[in-house]
Structures are given as C-alpha cells and as structure tokens.
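Open the model in your viewer and keep the selection panel at hand.

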Amino acid sequence: MKKALILLSVFFLLTKLSQAQDFAYGTATAEEMDMTKYSKDTAAHAVVLQEFGESKINVGNDDNIKLIYTYHVKIKIFDKKGFDLGTVEIPVYNNSDADSYENAYGIKGITSYKDDNGLTRQIELEDKKIYPVKENKHWANYKFALSGLRDGCIIEYQYTIESPYFENFHSWQFQSDIPKISSEYDVHIPGFWNYNASIRGFLKLDKNTSEIERQCFSSGGAHCDCSFITYGMHNIPAFEEEDAMTAPKNFRSAINFELIEYMNPYTGAKVKVTKEWKDVDYQLKIDAYFGRQLKREGLLKDKIAPVIAGKTDDLDKAKAIYKYLQTWFKWNDYHGIYCVDGLAKALDSHSGSVADINFSLIDALKAGGLNADAVILSTRENGSVNSLYPVISDFNYVVAKVDIGTESYFLDATDPLLPFGVLPLKCLNGQGRVMSLDKPSYWVDLNTRQRQKSMYSMDFTLQENGKLKGTILISSIGYDAYLKRKAIKKFNSTDEYVEDLFSHLPKFKLLKSTINNADSLDKPIGEVYEVEISLYDKPGDTKFTFSPFFFNKITENPFKIIDRLYPVDWGMPSDQRNTLTVHLPKGYTVETPPQTLNIGMPNNGGMFLSSYEPLDNSFTFSNVIQFNKGIYSNVEYPYLKELYNKIIQTEKGEMVFSKK
Amino acid sequence: MRLFNLTICLLLLSVAANAQQNYDVNLIPKELTPYANTIVRNSVETVEVKDLNDVEYHVTEAITILNKNGDDRARLIAEYDKMKELKYIKGYIYNSFGQQISKFSKSDCEDYSAAHDFSLFEDARMKVYTPSITQYPYTIVYDYAYRSKQTLGFENWEPVEHHGVAIEKSSFTFICKPDFSIKYKATKVSAEPLITTDAHGLKNYTWQISNQKAAKYEPYSPYYSDYLPSVEIAPQKFNYYGIDGSYNSWAELGKWEYDNLIASRQALTPETMQHIKEITKDITDPKLKAKKVYEYMQSKTHYISVQVGIGGNQPFLAADVDKQNYGDCKALVNYTQALLKAVDINSYYCVVQADDDYTIGLQKDFPGMEQGNHIILCVPFKNDTTWADCTSQTIPFGYLGAFTDDRNVLACTPEGGKLLHTPKYTFNDNIKTRKASFVIENNGAISGTMTTVFKGIDYEYRDELINESKVEQDKMLQKIYPINNLLIDKLDIAQDKSFTPSTTENIKLHARDYASFADGKYYFLLNTINRITETPKEVRNRVNDVYIARGSTEEDEITYTIPAGYHLQKEPLNASVEKPFGNFKATMELKGNQLIFKRKLQLIGGTYSKDTYQDLVDFYQAIVDADDYNVALVKN
C-alpha cells in the first residue's frame with residue numbers, strides 16, 4: 001500500500017453536514033417482522049431490507065482529514081441457512097506503521113425477533129463482544145456475532161471506518177449473494193478532490209441524483225463546496241455464480257471510484273493522481289516503488305555478467321537471465337504492481353513480491369542489453385480492468401515483456417516451472433498495459449499466443465490371451481507441459497510420479513517408462529510407457545467388443561445448465577489429439593468399425609474430428625478435440641455444450657472384433 | 001547407582017556441547033531418502049516441569065529439506081497465548097555442504113492470529129518464520145523455547161507429523177521433580193523410557209527414535225496415531241488457571257471437570273424455566289419430553305465459537321446462551337442440560353474426539369485432558385441411552401452421524417467421570433435404497449421417476465438441497481446424477497425426524513440424447529445414477545492395515561423401458577464379488593422391452609490386515625468395470 005496523504009488541520013474547523021438519507025436505526029415494522037418469504041425470490045434465505053452507505057471527506061477523530069465511510073444495513077433472515085449473515089467481519093488496513101492505519105468505530109448492532117410468546121423483542125450487540133483481531137501485519141478485523149438470531153428475525157448493524165487512503169474511496173456493492181430490496185450509497189466529495197465513478201454489472205441505477213452542497217468542507221481556513229451524489233437501486237436480484245467464469249466481481253453490480261486529482265486545501269497545490277494514461281505514465285515513472293525500481297540495472301549487472309558470458313544471441317541471453325531469476329527468487333505470495341521491499345532487500349533475501357521479482361527481472365534484462373518493459377495487469381481473480389480510462393487500483397500484477405527481434409515475450413519469474421514466454425493462467429485476463437519508462441504506455445493482448453496442447457499416441461497389439469500390449473506416448477506442449485511438470489514436481493522423483501500414475505490404473509501393468517525433457521522447460525515433455533492392459537477376462541471368445549476410447553473417454557458434459565448469463569473463460573485455446581493403432585491377432589477382423597464424426601462450432605470456434613483407417617489385420621483410429629478460443633460468450637455457450645454432447649454420444653459407440 | 005546416573009548425565013552434557021553438528025547432506029544415510037522430501041537430522045525436545053504453573057518447553061531441531069515439497073515443513077509455526085509465553089526463537093540456515101548461509105530470530109517472524117476457521121474469536125496467536133531458499137537441499141535449524149503456565153495438559157511428542165518425513169534422530173525428554181508423578185503412553189517407540197536423575201536431582205524420562213524411513217500416503221489407513229510414533233504424558237497433580245487438581249482415573253478427571261468447569265454454569269432465569277415447563281407439560285414420556293426440549297434449543301440457537309482463556313474448556317453461562325441465542329459445542333450442551341434439568345431430566349456433558357473419517361475414542365487405559373475436541377449430550381433413560389449433538393439446528397434428536405459415532409466418550413457428572421461408548425452405525429443402519437423407472441424413447445431421450453431412501457449416516461446426504469431454490473437444486477442434482485442433459489421436472493425431499501430418521505427423495509426427470517443411435521444400434525451407459533469411476537490407488541509394499549470406518553449398504557434397481565424390437569448385442573452384465581470387507585453384485589436382464597438393472601454394494605466396517613488391500617483394489621476394479629457397462633441394442 002502506498003503512503004497515504006495526511007493533512008494536518010491546525011485551525012478551528014467547521015463542517016456543515018448535509019441532510020443524511022440514512023434510515024432510522026433500530027426500527028423493524030410489524031410488516032417486516034411478519035414477512036415469511038421474499039415474494040420476488042421465494043427461496044432466498046434472507047433479504048436485505050435496506051442498505052445505506054455514505055462516504056465523505058472530512059476531518060476525522062484525530063483532527064486529520066480522512067475519508068469517512070459509514071455502512072448501515074437491515075436484513076431479514078428467513079431461515080437458519082441465512083444465520084451466517086449475523087456474523088460480521090469489518091476488515092481494516094492496519095499497518096504497523098503508526099501513521100497510516102484505518103480505524104473502525106461506532107459499531108453497533110441490534111436484532112429484532114419474536115420471543116417464545118410471539119412478542120417482538122430487541123437485543124443489542126454488547127460492546128465487549130466486538131472482537132478486534134490483528135490478523136497479520138497489514139490487516140486487522142473487527143468481528144462480532146449478533147445475538148438473538150431466530151428464524152424470521154431482523155438483524156441490523158452499522159459502523160464507520162476512517163481511512164487516510166483517499167485513493168481507496170469505498171466502492172459500493174449493489175449486488176451480493178442475497179437479494180436486496182433497497183440499496184443506496186451517498187457520496188460527498190469536496191471540490192478539492194476529484195474522482196471518477198464507474199458502474200459495473202448488468203443492472204441499472206434506479207436513483208442517481210447530484211447536487212451541490214455549499215461550503216460543506218472546511219478545515220484550517222480552507223473551505224469549499226461538495227458534490228453530493230446519490231446512487232440507488234431497488235429490487236436487486238441475488239448474484240448467481242456460474243462454473244468456468246472469471247472473477248464474479250466482473251459481473252456483480254457495483255460502483256467504483258478512482259481518485260483523479262486533488263488540491264491541497266491549505267496550499268492550493270494541485271496534484272493530479274489519475275486522469276489520462278500520460279498522467280499515470282508520469283506518476284509511475286517517478287514512483288519510488290515503481291519507476292525508480294526499474295532503473296536499478298546496477299544492482300544486477302554483476303550478477304548477470306557471468307550468466308550471459310559468451311552468449312551472443314539475444315534470445316539465449318534472455319532465456320539465461322530469466323532462468324537465473326526464476327531460481328534466485330522465492331515468491332512470498334504478495335501481489336501488487338508496486339515493490340514491497342524494494343529490489344535491494346528482495347535480491348538480498350531471495351524473497352519478494354510479484355513486483356520485487358519481476359522488476360528485478362526487467363532490470364536484469366536491461367543490464368544484459370535487452371529491451372524490456374513492465375506490463376501491469378489484473379489477475380483473473382482480481383477482475384477486469386477499466387479500458388475507458390486509467391483505474392490504477394484495478395491492477396494487481398506485473399510481468400516483464402522483452403522484445404527480441406520482432407517478437408515480444410511475456411515473462412513471470414515468480415514460478416520456477418514456467419517456460420520462457422509463458423504466463424500463468426491467472427495472468428491471462430484480457431489486456432495488460434505496457435509501462436515503458438521512455439515511451440507512452442499502451443495496451444497489449446496477453447493471451448494471444450498461449451495454448452495448451454497434448455497428444456496421445458498409442459500403439460497396441462491385441463494378444464491371444466485378451467491383453468493389449470504396446471506403447472503409450474504422451475506429449476504435453478505449451479501450457480500443458482507446464483501443468484504436467486507441476487504434477488510431476490509434486491513427487492520427489494519422476495519414478496514416484498510414474499508409480500503414482502499407474503497406481504490409479506490397476507488394469508495397466510507398466511513394463512517400462514521414460515520421461516523426456518522433464519527439466520527442459522522450453523521443450524514439450526514426453527512420457528513413454530510400455531504397458532500391458534488386461535482388457536478381457538475371457539480369452540478364447542470369438543467376439544470382442546472394444547471401445548476405442550478406453551483411454552481419455554469423456555462420459556460427462558462439463559456444461560450442465562441450459563443457458564448462461566456470463567461467458568465461459570478458459571483463458572486460452574486447447575487442443576487434444578488421440579491416435580490409436582491396434583494390431584489384431586491372426587484370424588480376427590473388425591466386424592463393426594468405430595463411429596466417426598466431424599463436427600465444428602460456428603466461426604471455427606472449436607471442433608471434433610475423428611478418422612478411421614482400416615489396414616490388414618490392424619487399424620488406426622484418431623481424433624482431435626480443439627477449442628480455438630479462450631473465451632466463449634453466452635451466445636456461443638449452447639454450441640460449446642452441444643459439441644461436448646456430440647462427443648459423448650460418439651464415444652458411447654463400440655467396435656466389434658470377430659474371429660473368422 | 002549414583003555414579004551410573006552421573007555418567008549418563010555427563011554423557012548428555014557432552015552431546016549438548018557438541019550441538020554444532022555437521023549438516024552436510026552427504027552425511028544423510030542413503031536408505032532414508034526414498035519417498036522423503038524432508039529429513040529430520042536431529043530433533044531434541046525437552047519439557048521441564050518447574051512448578052505446577054510453570055513448565056518450560058525447549059525444542060532444537062535440524063531439518064534438511066530435499067525439495068520444494070518439503071518447504072511446508074521448513075516453516076516454523078510457534079503458537080502462543082496468555083498461558084503460553086514464547087521465550088525466544090533462534091534459527092540458522094545451511095546450504096547443502098553444511099555451510100551457514102543465514103540466521104534469524106523472533107523479530108524476523110511474522111505474527112498472525114491462530115484462530116481456527118470455525119471460530120469467531122480465539123486469543124491464540126502465532127509467530128511464523130518462512131525461509132526463502134531456492135537451492136535444494138538446504139538445512140534449517142530451529143531453537144526455541146516457551147513457558148506454559150498450566151500442567152493439566154502436556155503436548156504430545158509426535159516426531160513424525162507428515163508423510164514424506166524421514167528421521168535420522170529425534171528425542172524427547174520429560175523432566176520433573178521426583179515427586180511429580182506422571183503417566184505416560186508410548187506408541188511405536190520403546191514403551192519404557194530411559195529414566196535417569198540429573199545433577200539437580202530431577203527425574204528425566206527420555207524416548208528416542210532414529211533412522212526411521214519416510215511414510216508414504218496409503219489410502220484406507222487407520223488414524224495416524226495408530227501407526228506413527230508418539231508419547232503422551234498425563235500428570236497426576238496439576239494446576240489450571242489457578243485451580244489445583246489431581247486425577248488417577250477418568251472418574252476423577254471427569255469429576256474435576258464437572259466440579260470446576262461445569263457445575264456453576266447452568267443457572268437459568270425463572271421465565272425460561274417456566275417456559276420450558278410450559279411447552280413440555282403435556283408430554284409424559286421422558287424421551288419425547290427431552291426431544292421437545294432439544295428441538296426448542298435447536299430452534300433458538302446456532303453455533304458460534306469464541307475461545308478465550310479458560311473458556312477453551314469452560315462453557316458460557318447457560319443464561320448467556322439463553323439471551324444471545326448462540327454458543328459453541330460446550331455452551332450449547334450446557335444450555336440444553338440446564339433446560340432438561342428444568343423439566344427434571346438428567347443428562348451428561350460428554351467429551352468426545354469428533355472426526356468424520358475415523359472413530360477415535362478416548363483411551364480406556366490412559367486418562368488425559370488432551371483427548372477430545374468436542375462436547376456432545378447424553379441423556380440416560382431407563383432402558384435407553386440417547387445421544388445428541390447440540391451444534392446443528394436440523395438433525396433429529398438421538399442422531400449423531402459420522403462425526404461422533406462408535407467411540408469412547410467421557411461423561412462428566414457430579415458423581416465422577418464415566419467412560420461411555422456412542423452408538424455404532426453398521427451396514428444394517430447406513431442404507432441407501434433406490435428404485436427408478438425410466439423410458440428410453442426412439443430418439444434416445446430418457447424420462448422417468450426415481451425414489452431414493454437414505455438411512456443411518458446417509459440421512460444427511462440431501463441436507464444441502466433442502467430449502468434451496470429450484471435453480472440451485474437443479475445445479476446440485478446435475479452434479480449428483482451425471483446424466484448428460486439432465487432436467488428435473490419435479491423434486492420432493494421429505495425427512496422423517498423420528499428416532500430412526502430417514503430422508504426420502506422423489507425425482508421426476510428427463511434428458512435428451514441419453515442413448516446414442518448409430519448404424520441401427522442403440523448405445524447407453526447402464527448405470528449413470530450411482531457410479532464409481534475410480535479404484536483406490538494401488539500401494540506397493542503396504543505398511544498399514546486397511547481401515548474402513550463404517551459399513552454401508554446401497555441398493556439400486558432401475559427398470560428401463562427400451563424401444564420395441566431390440567435385443568442385446570453382447571453378454572448381459574453379471575458381476576458378483578464377495579470379500580471379507582464387503583460384497584458387490586450387479587446384474588441386468590432383458591425381458592421383452594423391459595431392461596432391469598440391479599446393483600448392490602455392501603461394505604463392512606472394521607480393520608483388516610494390510611494384505612487385504614490388493615483385494616480392496618480388485619473389488620473396486622470389479623465395480624468400476626460393472627458401472628462402465630455399455631448397453632448395445634441391435635434390431636431383431
């Protein structure tokens with residue numbers, strides 16, 4: 001987290017509060033108490049009756065100017081599955097650094113319920129049952145459980161958080177896992193500050209008013225008017241998550257704020273925070289934890305020299321440097337686009353955040369005479385970024401981009417198993433922004449080149465005793481190779497990996513195994529297994545049925561619901577090829593060949609192709625399953641589901657071998 | 001004798017002085033490396049009881065991490081709270097040649113809350129040190145000490161906590177004054193310790209293990225404490241939060257717990273007592289009366305865990321639970337007891353080790369406070385002892401389920417502790433019975449109805465569906481029943497909450513493309529409803545016995561009406577396996593256009609010899625094969 005802006009107020013202060021729109025605390029109407037269901041969503045375990053939030057910038061309890069956020073909610077709980085809502089956590093940023101903490105106060109809660117005699121009663125949350133917990137060095141939580149919960153009760157609570165982090169203006173989540181009848185957010189922004197507001201999700205605002213509050217802010221002789229804006233929604237449906245989607249927060253209705261600029265109320269000095277990318281570019285360039293860390297080639301020059309000694313090819317140099325930093329660092333699981341410890345300390349301790357590690361990589365590449373830049377992005381879990389104007393708080397990850405010849409490669413040194421030029425799936429989330437120190441920043445597609453691809457080649461001979469004997473060759477390419485290496489590294493040796501793999505296949509007897517390129521990250525990884533498979537118990541039968549999909553058979557459609565609201569997001573295209581050759585014993589022929597099917601999705605979105613080639617006493621059957629896109633829209637979804645349906649239908653078919 | 005002790009003492013001293021060992025990884029015995037990601041080079045743990053409220057724990061440990069999978073073991077986690085004060089932490093890291101590359105201390109550790117996920121609040125905290133070493137192997141040495149202010153419970157010595165950890169040498173010494181009596185129980189280490197008297201006249205009990213190979217994961221293993229080494233220590237005299245006590249038996253420990261932690265916690269307001277009498281006044285049968293009280297408690301409360309200080313073992317006041325409507329297991333059992341007492345029903349507060357996967361009982365021959373992690377209620381009626389878990393708002397009175405069934409528990413009563421055993425669910429109790437009738441149309445679509453009855457621990461299997469929206473229920477059912485294109489026309493779930501509870505699920509469903517049609521043949525999977533698709537993994541040179549926690553019986557009968565005029569292309573399914581631990585039978589029969597599929601799987605709970613394991617894999621392979629049977633129908 002960056003240093004907060006703290007302004008000391010020295011003089012008498014005067015504030016004029018605008019008319020609050022908040023609802024009265026501690027009231028539950030008879031109608032609300034008698035509600036047994038929410039008519040618009042009769043299966044809901046709870047519904048938010050009213051929710052009100054207010055953010056303002058004003059002088060806080062400690063006489064500093066603070067962002068003051070108040071939250072107040074009243075929830076009707078219908079049944080016990082909604083009781084979790086009565087346990088509340090209020091997270092606050094709480095750095096050990098004493099001058100930059102957030103503070104929560106004014107926490108109160110009340111439950112209205114019907115007692116054993118049917119009379120409405122209220123019970124208040126006791127102060128001593130509000131537990132402050134220091135979770136770790138950055139965060140604290142205020143935790144409490146409301147008393148008196150029963151089916152049909154109404155819980156209500158409110159709290160205020162004071163924060164010195166003007167750039168983290170509280171966003172407002174209109175939509176959550178339970179439906180809401182009314183949700184309103186009031187913001188009061190003094191003219192000294194200027195924010196951009198952006199709305200996410202499919203729902204529309206029912207209320208959006210804005211007015212000027214005269215002289216609402218005053219501190220130390222400085223005073224100004226405020227913008228008073230109200231955002232409201234009614235009858236908000238619960239958010240339903242779907243499988244294979246990216247961050248739900250991309251789709252949940254919410255409103256976010258980004259600080260554009262502010263004026264120091266005492267000096268009149270104007271500070272631009274965000275406006276256009278050129279402003280961001282400049283800001284990041286001079287930032288002690290961003291741009292300045294990208295000029296520390298000196299720290300790495302000596303380390304890099306022996307790594308690239310004797311190498312003349314730029315790609316070789318880049319690969320060597322990348323590998324060197326991948327093995328130098330252990331990622332400490334911290335995200336963010338700013339350095340946490342700074343490069344010197346990170347390099348020294350072999351430990352760092354994403355930015356510490358990848359900035360070191362960028363500096364090292366530059367020290368090696370290569371052209372490298374930082375690319376900031378938002379991980380899939382963190383959600384999408386605003387592409388209309390810069391919202392720097394949307395970004396939470398940074399990788400390196402190195403240009404060699406006409407090619408650009410994206411690199412992330414936090415994971416020692418990633419091949420050169422491959423990003424982890426979590427980074428494949430639309431576009432990233434290339435932050436070049438000497439050129440204007442620009443957008444770049446992150447997931448254009450990456451693919452996951454695997455090939456299974458099987459060559460078997462059917463023995464007279466009913467056993468299949470032969471070889472399975474598995475090649476994993478691109479991202480699949482990375483995933484395979486990760487799976488292997490879960491074991492202490494490749495032998496242990498193979499032992500485990502075959503321990504799940506009791507019908508397979510492993511005769512010999514080889515794994516190629518297990519440690520050559522830039523090459524496909526190849527597994528070769530010589531096996532004997534007990535397929536039939538009854539040798540001597542004159543007829544066999546045989547499923548050519550006995551390995552890698554798909555029996556269950558991953559897509560179940562009929563329609564989707566949100567896209568399917570796999571991150572990258574995929575491709576799987578299976579080739580099976582079977583040699584039959586003398587005297588056997590294929591009575592029923594396998595079904596073949598060639599089917600594709602519209603616009604070359606994906607396909608399933610299969611082909612059958614009979615030969616003398618043997619045959620080859622092959623198929624390809626290809627998904628050519630990383631993301632499929634909800635309009636393409638039915639085709640995707642149907643492609644799987646057709647694959648499953650086809651794979652039900654069986655071959656018949658018979659003895660002449 | 002005296003001289004002998006002195007010699008030992010000098011010997012020990014010289015070992016300690018030589019602590020600066022050589023950590024070159026080449027010195028690790030080769031036979032310790034298979035399946036190991038971590039080697040404990042040397043671990044020395046001592047516990048010294050200085051006084052009843054002053055115990056010093058001291059741990060020095062050198063661990064070599066062979067690869068990334070061992071990194072978790074390299075992390076130091078030292079918990080502390082108000083009763084357990086961390087004195088110091090020191091550490092050193094060595095490279096593979098045994099050269100020191102860095103060192104650290106307490107100030108380099110991160111500080112976190114150590115509360116469990118299920119708790120709202122606990123006062124436990126922890127210091128964590130995570131080394132950042134990317135070159136393997138490396139060796140990390142920890143040296144830390146803490147002081148505990150109670151002697152009611154001592155931490156167990158468990159030198160092997162994980163799979164993949166091999167031990168070169170590890171020792172544990174318990175030090176106390178000669179008059180401080182202890183009981184001990186050693187598992188998989190020498191049963192009797194080396195007992196010596198040191199220079200200060202203190203008694204030393206020492207256990208040691210060396211050259212222990214890494215264990216690998218074996219499915220169906222018994223609870224880890226049955227096969228991994230451990231030493232448990234229990235005191236005779238103790239002090240806990242300023243309360244003195246002593247025990248030699250479960251009876252005495254149970255009495256102490258009752259008198260000091262429970263007895264004074266059960267007062268209720270006259271209004272509440274009056275109300276509970278009022279709502280039960282028309283019930284004469286005591287068991288039904290208790291059921292009513294339990295259901296009242298369920299309707300009024302829910303589970304919230306707050307553990308502070310002595311509250312880790314002492315329930316909230318019953319009157320507080322009555323007011324705030326929540327509590328943890330202790331508080332809710334104590335509250336229910338108070339309500340029962342108001343209607344003159346006696347009940348027991350019972351300590352149990354709750355676990356879904358293993359039935360771990362309190363040890364009959366070894367009373368100790370460190371056993372047990374949960375509290376349940378026991379209501380003894382004349383000819384019938386009834387049990388209840390008070391932390392659920394929905395389960396029936398008398399139902400324990402897999403969390404606390406079939407194990408020894410300690411009932412804490414005013415007369416003293418009693419070791420009781422909770423009911424066992426066998427394959428005759430845990431029953432899932434299903435009957436379905438489906439029609440397959442000419443176009444391959446399927447439709448029909450299905451009824452499933454769940455009994456015993458299976459009773460809870462549909463709880464998450466109850467009261468959910470149709471959209472949510474459909475999503476869950478599509479995952480439970482992997483029929484492609486499945487659509488649910490109607491779902492009805494009924495629960496019988498009597499003393500033999502059961503859940504009945506009725507479904508009306510349809511799905512397109514259930515059977516595929518090609519070259520004049522229909523193909524479909526015979527069993528899409530209740531499939532097993534994977535066997536337990538095979539294990540080379542198995543070490544552990546085979547443990548099946550509890551038995552079960554499942555029976556399915558599906559009648560398919562198929563398009564007229566077809567016969568089977570291949571032999572009908574007829575699988576049957578009989579083993580000591582279970583049996584399986586699956587058959588099909590085509591009569592006219594009615595295809596009847598029957599499947600029965602029965603498992604018998606118990607512990608079986610390790611040689612049985614391959615049988616278990618083969619047993620499941622037979623099931624997987626049968627469940628994969630693909631029907632092929634050919635036109636007559």
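**Stop 1: helix α7 of chain A**

Select residues 479-489 of chain A, which form helix α7. Its buried residues are Tyr479(A), Asp480(A), Ala481(A), Tyr482(A), Lys484(A), Arg485(A) and Ile488(A). Buried means that 20 or more other C-beta atoms, placed from the backbone, lie within 10 Å of the residue's own. Helices (H or I, at least four residues) and strands (E, at least two) are DSSP runs, numbered from the N terminus.

This is a predicted model: local features need pLDDT of at least 70, side-chain atom pairs count only at pLDDT 80 or more, and totals for chains, interfaces and linings use all residues. Residues are numbered from 1 along each chain as its sequence is written, and chains are lettered from A and ligands numbered from 1 in the order in which they are written.

The buried residues of α7(A) pack against β23 (452-462), β24 (467-478), α8 and β26 (525-534) of chain A. Contact here means C-beta atoms, placed from the backbone, within 7 Å.

**Stop 2: helix α4 of chain B**

Switch to residues 250-262 of chain B, helix α4. Buried here are Trp250(B), Leu253(B), Gly254(B), Trp256(B), Glu257(B), Leu261(B) and Ile262(B). They lie on the same side of α4(B), because they cover an arc of only 160 degrees around the axis. The arc is taken over the directions from the helix axis to the C-beta atoms. Show β16 (243-246), α8 (329-342), β20 (348-352), β23 (408-413) and β24 (416-421) of chain B: the buried residues of α4(B) pack against them.

**Stop 3: the nonpolar cores**

Which residues have the most contacts inside the largest nonpolar core? Select Ala46(A), Ile75(A), Ile77(A) and Ile155(A); the core has 62 residues. Such a core is a set of buried Ala, Val, Leu, Ile, Met, Phe, Trp, Tyr and Cys residues joined through C-beta atoms within 7 Å. Strand β2 (residues 65-77) of chain A gives the largest share, 6 residues.

Zoom in on Ile75(A). Leaving aside residues up to four places away in sequence, Ile75(A) touches Ala46(A), Val48(A), Leu49(A), Leu85(A), Ile154(A) and Ile155(A). A second, separate core of 57 residues includes Leu300(A), Ile321(A), Phe329(A) and Met435(A).

**Stop 4: between the chains**

Show both chains. Here 50 residues of chain A are in contact with 51 residues of chain B. Elements giving two or more residues to the chain A side include β6 (131-134), α4 (314-328) and α9 (637-651) of chain A.

Notes:
Buried ≥ 20, exposed ≤ 12 C-beta atoms within 10 Å, placed from the backbone. Contact = placed C-beta atoms within 7 Å.
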